[in-house]
Amino acid sequence: MTIKIVLRNPLNYNDQVDYVINSFDHELSRDWIRALKGLLQSGSLLEKNYCFMGFPNTARNLDYLCNEINLAVKQVNSFFTDYRIEETFTPDNVVGYDYAEHGINHTTMNILHNHFERLQGTVWGLSDYYRRADHDTKYAIRQLNNLCHEVENLILSQRKQATAPFWVRPSQITTFINSTRLDLKDSHRELFATNGYDRVLGGVYMHWTQIGKTLFEVFRDEHAPELTDTVCEAITELKYYSGEFDVEWGNDVVYGGKQPWHNIEQDQFRQWLTANNKDYKDPKLSLGYLPIGQVELRSSFGTTDGQTIWDILGEHLDIYSIEVDGVGNKFKYCWTDTAYKQMQIDMMKPGYDYSSRG
């Protein structure tokens, strides 16, 4: 089955391009298609703040993103009397040393993400703060997470653009406000064992639709700590799937391929898991990505060259429509629209009917 995505230039709505995804023929992909059609039929609001990650040249630069973080912090601090975020986030303090100069300041970004984790809790156990928050503050809490990851992706992409342009890692995170989560099946999880952490240009993968760190993120970001009860508290295996999806726009990174750094990292990760009594072959640990489709690169863009495709996409970082099996929806709003924030807040209110917004 094919899915057609139409993109447009956020600064010129008449400038549009499109591409086609071929879904894979397996159980998770078929379940994903059904869930995606449900989202399109329901008129769910597409998340456009947190959508295109890792494109180094974008109007959503560090000045813009840090300002948005500080606005979310201000909202949180104005609502709660028993919780306060003291930090201010700037382009200077979110950049630091991350294996090389001009990388992520992990100390700063971990502080930001920890605020989000405490304020929201988990999908299956929302925090008291989040339950008490009004809709404006719920939106602000959600933004702390989205903007944290967007900043990290932008920093890494800009460093790679300057030092190793072939390895810029752009991606598309296609999510919806209040997307229905469905229980992931053991049969779905088997794809972790066959795919692992392989990602290919134009590959389409199941979106990770829950809060918490993966074992690989703990290994990589926290320098392979011993897995004590304290460290394990925020680690989660994937519990759900949805109609949401991610598209990998970076060049292929596969185990056993031409990227020795990736092979070394994966070997070290597996050794760390074994040392901590974890079986890296166990699909229930959710180690990797779940592949559900592939973009038709040549027919969509006239090329399979990643850097040429990035140039085409870079001018069109706004999803205008999605269509699958005769079911589709147009998303006429844009993250540049001043009314978009209020639309998101409204969608978080119980019983709100988005279709009435036109």
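The points that follow concern a predicted model.

1. The sheet as a whole. An open sheet is formed by 9 strands, in the order β3-β8-β12-β10-β13-β2-β1-β14-β15, with antiparallel pairing. The edges are held by β3 (52-53) and β15 (327-330); each has a single partner strand, so one side of each is left without a neighbour in the sheet.

2. The hairpin. Strands β1 (residues 2-9) and β2 (residues 12-23) run antiparallel and are joined by 8 bridges. They form a hairpin, with 2 residues between them. Within this pairing, Thr2 has Asn22 of β2 as its bridge partner.

3. The other neighbour of β2. Strand β13 (residues 291-295) is antiparallel to β2 and is joined to it by 3 bridges. Here Asn22 stands opposite Gln294 of β13.

4. Strands β10 (residues 203-206) and β12 (residues 245-248) run antiparallel, with 3 bridges between them. Val204 stands opposite Val247 in β12.

5. Helix packing. The axes of α3 (residues 106-120) and α5 (residues 135-163) come within 9 Å and cross at roughly 155°. As angles over 145 degrees count as roughly antiparallel, α3 is therefore roughly antiparallel to α5. The crossing is left-handed. Residues in contact include Met109, Leu112 and Phe116 of α3, and Ile141, Leu144 and Val151 of α5. By class, this contact has 8 nonpolar, 4 polar and 2 charged residues.

Terms used:
Residues numbered from 1 in each chain as written. Predicted model: local features only at pLDDT ≥ 70, side-chain atom pairs only at ≥ 80, totals over all residues. Heavy atoms only, no water. Pairing = 2+ DSSP bridges. Helix = DSSP H or I, 4+ residues; strand = E, 2+ residues; numbered from the N terminus. Axes fitted to C-alpha atoms, helices over the stretch in contact; angles between N-to-C directions. Parallel < 35°, antiparallel > 145°, perpendicular 65-115°, else oblique. Left-handed = near helix turned anticlockwise from the far one by under 90°. Contact = heavy atoms within 4.5 Å. Nonpolar A, V, L, I, M, F, W, Y, C, P; charged D, E, K, R; others polar.
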